[in-house]
Amino acid sequence: MTRQLIALLGRKDEPTDAVEEYCRYLGAALQPHDFQMQIRRVPWELHGWHRSLRALRLQSAAWRDTWVLVQYTALAWSARGFPLKFLRVLRLLKSAGARFAVVFHDVEPFSSPRLIDRLRHRVQRHTMRRALDLVDTAIFTVPPEKLSWLKTTPSKAVFIPVGANLPFTEAPIARNSSDIPTVGVFSITGGEQGARETRHIIAAVQHAAQKLGRIRLSVFGRHSEMREEVLRQGLQYFPVELSVEGVVDSEQVISRLAACDVLLFVRNGISTRRSSAIAGIGAGLPIIAHPISETSPPITDAGVVLVNPGDPDKLNEALVHVLSDATFRAKLSARSRAAYKAHFAWPAIAARFAAVLNSR
């Protein structure tokens with residue numbers, strides 16, 4: 001018998017909503033396990049909290065004993081990252097008799113030395129801890145033992161990594177062979193962090209072009225177009241073919257990845273919640289990335305070359321090594337394909353979700 005499953009989201013992110021895409025792929029993958037997922041939102045940014053909670057109260061009256069997967073990021077439930085009203089959503093679900101889990105896409109509170117950010121950090125940490133007390137199940141997208149705000153791992157905590165929000169098939173992705181070594185960058189962070197990432201990308205590709213000659217750099221995804229001018233200025237005197245695109249559709253993402261030999265992932269560390277890095281793994285690519293406290297298996301089971309963010313020379317050397325050593329590159333690609341099938345493909349993720357929902 002098919003059972004109803006609700007994915008509950010906060011405000012919609014623009015221009016793309018990775019959490020909504022996650023829910024759609026997860027819902028499709030859960031259908032063979034006899035779950036039918038519906039996506040619902042609490043549109044507080046449009047109608048205000050009072051009206052939105054009243055509407056949720058009416059909807060949730062029909063959700064008794066129904067599983068509700070509440071998707072948590074701080075900015076989905078607060079414009080400025082103070083998501084205290086998220087707890088009201090959970091209490092409302094509890095009073096309605098729903099069985100609910102929180103899927104923690106944000107797994108650590110935001111950190112910064114500014115006074116307002118220290119306050120934001122405290123509010124987010126309090127919200128996550130109280131949410132953990134309220135839920136039937138907490139689903140973490142990184143291993144919970146890696147989290148700074150958990151002293152011990154509670155019995156209700158479950159680790160399930162995210163997948164790539166892309167329509168990969170079970171067959172290996174067809175590679176578009178080229179004589180020109182091609183480096184891919186899928187999305188760049190906004191703000192000052194994105195500026196730092198861009199400097200690392202430029203330095204690494206400059207070094208590779210000096211060592212290997214002609215290089216192609218394909219940059220696409222969110223915020224990429226904002227960095228085009230800086231990228232072109234930084235690479236203008238080097239034998240680098242540069243392509244910069246913004247957000248492209250999912251089929252185009254797969255096509256761009258298929259044309260790459262390596263994915264350069266210099267965003268704020270690689271982990272099992274970084275869907276853009278997992279997209280590269282799904283494409284069978286070697287990944288060059290920075291480690292952080294969240295970096296652990298199974299992401300490190302893939303073909304990932306980890307380089308300390310404080311050592312740019314090692315990053316430059318790693319890129320040259322991967323591009324110049326076909327045997328090494330093939331071994332990394334095989335590891336990525338195996339890790340993706342075992343841990344990050346949607347059928348594997350859905351099987352873990354179904355086991356949790358059925359057992360609880």
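This is a friendly conversation about how the labels given to a predicted model follow from its computed values.

Student: Let's start with Cys23. Why is Cys23 called buried?

Tutor: Buried means under 20% relative accessible area. Cys23 has a relative accessible area of 1%, so it is buried. Cys260 goes the same way: its relative accessibility is 3%, and therefore it counts as buried too.

Student: And what about disulfides: how many does the structure hold?

Tutor: The structure holds zero disulfides.

Student: Why is Lys156 called partly exposed?

Tutor: Partly exposed lies between the buried limit of 20% and the exposed limit of 50%. Lys156 has a relative accessible area of 21%, so it falls in that middle class. Lys156 sits in the loop between S5 and strand S6 (157-159).

Student: Which residues does Lys156 touch, not counting residues up to four places away in sequence?

Tutor: They are Leu132, Asp133, Val135, Asp136, Thr137, Ala138 and Arg360. For Thr137, the C-alpha to C-alpha separation from Lys156 is 4.9 Å, while 19 residues separate the two in sequence.

Student: Now the strands. What makes S3 and S4 a pair?

Tutor: Two strands pair if at least two bridges are found between them. Strand S3 (residues 67-72) and S4 have six bridges, in the parallel sense, so they qualify. Within this pairing, Trp67 has Arg99 as its bridge partner in S4, and Gln71 has Val103.

Student: How do you know that S4 also pairs with S5?

Tutor: By the cut-off of at least two bridges again. Four bridges join S4 to strand S5 (residues 137-140), and the two run parallel, so this is a pair as well. Phe104 stands opposite Phe140 in S5.

Student: Why is the crossover from S3 to S4 called right-handed?

Tutor: Picture the strands pointing away from you: a path from the first strand over the helix to the second that runs clockwise is right-handed. The chain goes from S3 through helix H3 (residues 86-95) to S4, and the crossover is right-handed, so that path is clockwise in this view. S4, helix H4 (residues 115-134) and S5 also make a right-handed β-α-β unit.

Student: What is the strand order of the sheet with S4 in it?

Tutor: The order is S2-S1-S3-S4-S5-S6, an open sheet of six strands with parallel pairing. Strand S2 (35-41) and S6 are the edge strands, each pairing on one side only. On average, neighbouring strands are turned by 25° against each other, direction ignored. As for S4 (residues 99-104), five of its six residues are buried.

Student: Which residues touch the most other members of the largest nonpolar core?

Tutor: Leu26, Leu30, Leu69, Leu257, Ile287 and Phe353 do, out of 54 residues. Helix H11 (residues 346-359) gives the largest share of this core, seven residues. A second, separate core has 37 residues, including Tyr72 and Leu132.

Student: What makes Ser187 stand out?

Tutor: Most residues other than glycine have a negative phi. Ser187 has a positive phi of about 80° although it is not a glycine. Ser187 lies in the loop between S7 and helix H5 (191-212), and its relative accessibility is 10%, so it counts as buried. His223 also has a positive phi, near 70°, but its relative accessible area of 26% makes it partly exposed.

Student: How do you know that the peptide bond joining Glu14 and Pro15 is cis?

Tutor: Its omega is about 5°, and the bond is cis. The bond from Pro297 to Pro298 is cis as well, with omega near 5°.

Terms used. Residues are numbered from 1 along each chain as its sequence is written. This is a predicted model: local features need pLDDT of at least 70, side-chain atom pairs count only at pLDDT 80 or more; totals for chains, interfaces and linings use all residues. Side-chain values use heavy atoms; hydrogens and water are left out. Buried means under 20% relative accessible area, exposed over 50%, partly exposed in between (1.4 Å probe, protein chains only). A nonpolar core is a set of buried Ala, Val, Leu, Ile, Met, Phe, Trp, Tyr and Cys residues joined through side-chain atoms within 4.5 Å. A disulfide is a pair of cysteine sulfur atoms within 2.5 Å. Contact means heavy atoms within 4.5 Å. Axes are lines fitted to C-alpha atoms, for helices over the stretch in contact, and angles run from 0 to 180 degrees between N-to-C directions.
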